[in-house]
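The structure is shown first, and the discussion follows.

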Amino acid sequence: MTNATLPSPTLDTAAASRWPERTALHLLGFGLVAAVLLALPVAPTDLDRHQLPKELTVHATVWFAVLLARPRLMHWPARGLQAGLLLLLAGSMLSTAMATNPWLGLRATGLTLTACVAFLLAHHLTARHGPLLLGWAVIAAVTAAGTALAQAWGVESVLFARTRAPGGTLGNRNFVGHLGALVTPGLFILVLTVARRRNAVLAAIGVMVVLAVLLLTRSRAAWLGALAGGGITATALLHAWRRGGLRLSRRRAALLPVAVTGAAILAFGIPNALQWRSDSPYRDTLVGVANFQEGSGRGRLTQYRRTLELAAEHPLAGVGPGNWPVRYGDVAPASDPSWTRGDVIPLNPWPSSDWMALTSERGLIGVLAVLLLATGLGWRGLRALEAGGPRGAAGAALLGTVAVIAVVGSFDALLLLPVPVLCTGMLLGGWLARADGTSPPPTTWRGPWLTLLVLLMAAVTARSAQQVTAYIVAGNGRALSELRWAARIDPTSYPIRIALARREPCRRARAHIAAVERLAPTWPAVVAVRKRCGG
């Protein structure tokens, strides 16, 4: 799937043959696949048993790739995109410094830093070595879809999601659907333009597996994102074809309806082990896509309205990356459907929209930075369409991918999770390099800046390793002795400290109560443990 007919930029042959860069390229791809598969068998919270090891894998992968590639000569994207990346990082750091829970802020900002570096690396490596990274992104998405399909057919594993099936190793059916939608535009382009027919058939099989799982997940955001991305990709590709220089055969085009038919057979023709509450779950999901009068649609609108109220109270820099759940109670009453007051963690760690998270957590600075990035990527994609030919095909994939991100992020969390963050960076950086065609001469990095980047990535990776180690030591969270050791390893972990605050005698619990009061002062579980010990 990697021998595409897209043009290879002008390469410095001696530099392109260096093994460290090619090793870094394959490391990024292999790391993304590993992040898809890794999860802890047990942990204090089911969500973090999937997300924390994936975060560590993503951070470590990008850090090691930077060390290997040593990109002192970097093929930079356009200046507007560079400005957007810098503004996003600077704004995130400023917002973190003012956050109620700076540890959540550092975790979210670290993921943003890794995403930006992955984008730059993908752009640089694709400009020098061709579209190999794009193939790796597709392989990772098909792997995630394969684990979800296996779970839907009754296969059991300690690494699979315990609820929200079929989530496979990603831990939630929506997460699998989002990742599938993210790679759909690129898969369509590969089917139509990849050089070898064998690879086109493999790409069509990938389309079949991904679409089958998209259907099975019943993720409305993924359905809408895939439709929007696929429609824009098809329209843009047709425009590029009319500009000339792009060969599209009817045989290749015929593979797509065959793949769609195969997806329907996999999803509905083979009995599965999914237990939906409704007798017609897929029809109900389709009918309810635009229903905002009741159910989850109404809950989303309520959450969005109150999140915007929170953003209005903190307009410039927001409440801090990752701090939406800590501050949502400032504007939402106890009757808000987002709350689950009986749980120690009463809210999802993010709102049901990337855009809401961005607006409330990073304020106008973050919104401006993302709009600048989206505008720059869209403009480069449109310019590639006007050029036509293989560059136009890459531009179509770039525009389709941006559309998926915008639509899915309007209804669910996409870019707040480690696997789609790395996949997005690889796809956007890779398709941008292909759409730009011949790259400008590489720019020399100054030594101090590269050293600073390596040190920051090392710190982010070390912090993530600390969190994962604490969860491994804590096990399932039932043994007090294991929880005590875990709290020593990561004293900033709310799930670990609240478990000790609830179960330890008050004499020993007071230190943990003080800790959780700093981490999430208004959450019901924190108020309850404070009252338990006479606070």
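Predicted model: local features only at pLDDT ≥ 70, side-chain atom pairs only at ≥ 80, totals over all residues.

The salt-bridge partner of Arg107 is Asp48, with N and O 3.4 Å apart. This pair links distant parts of the chain, as Asp48 lies in helix α3 (residues 46–69) and Arg107 in helix α5, 59 residues apart. Asp48 has a relative accessibility of 14% and so counts as buried. Glu55 joins Asp48 and Arg107 in a network of salt bridges.

The structure holds 11 salt bridges. Three of them, each linking distant parts of the chain, are listed below.

| Pair | N to O distance | Sequence separation |
|---|---|---|
| Glu21 and Arg128 | 2.9 Å | 107 residues |
| Asp48 and Arg107 | 3.4 Å | 59 residues |
| Arg380 and Asp436 | 3.1 Å | 56 residues |

Glu21 belongs to helix α2 (residues 19–37), whereas Arg128 belongs to helix α5. Both residues of this pair, Glu21 and Arg128, are buried. Glu21 also makes a side-chain polar contact with His129, at 2.9 Å. His129 is placed in helix α5 (residues 102–129), and its relative accessible area of 10% means that it is buried.

The remaining tabulated pair connects helix α14 (residues 354–387), which contains Arg380, to helix α16 (residues 418–436), which contains Asp436. Asp436 is classed as buried because its relative accessible area is 17%.

Definitions and conventions: Residues numbered from 1 in each chain as written. Heavy atoms only, no water. Helix = DSSP H or I, 4+ residues; strand = E, 2+ residues; numbered from the N terminus. Buried < 20%, exposed > 50% of the residue type's maximum accessible area, 1.4 Å probe, protein only. Polar contact = N/O pair within 3.5 Å; in protein donor to acceptor, adjacent residues only side chain to side chain. Salt bridge = Lys/Arg side-chain N within 4 Å of Asp/Glu carboxyl O.
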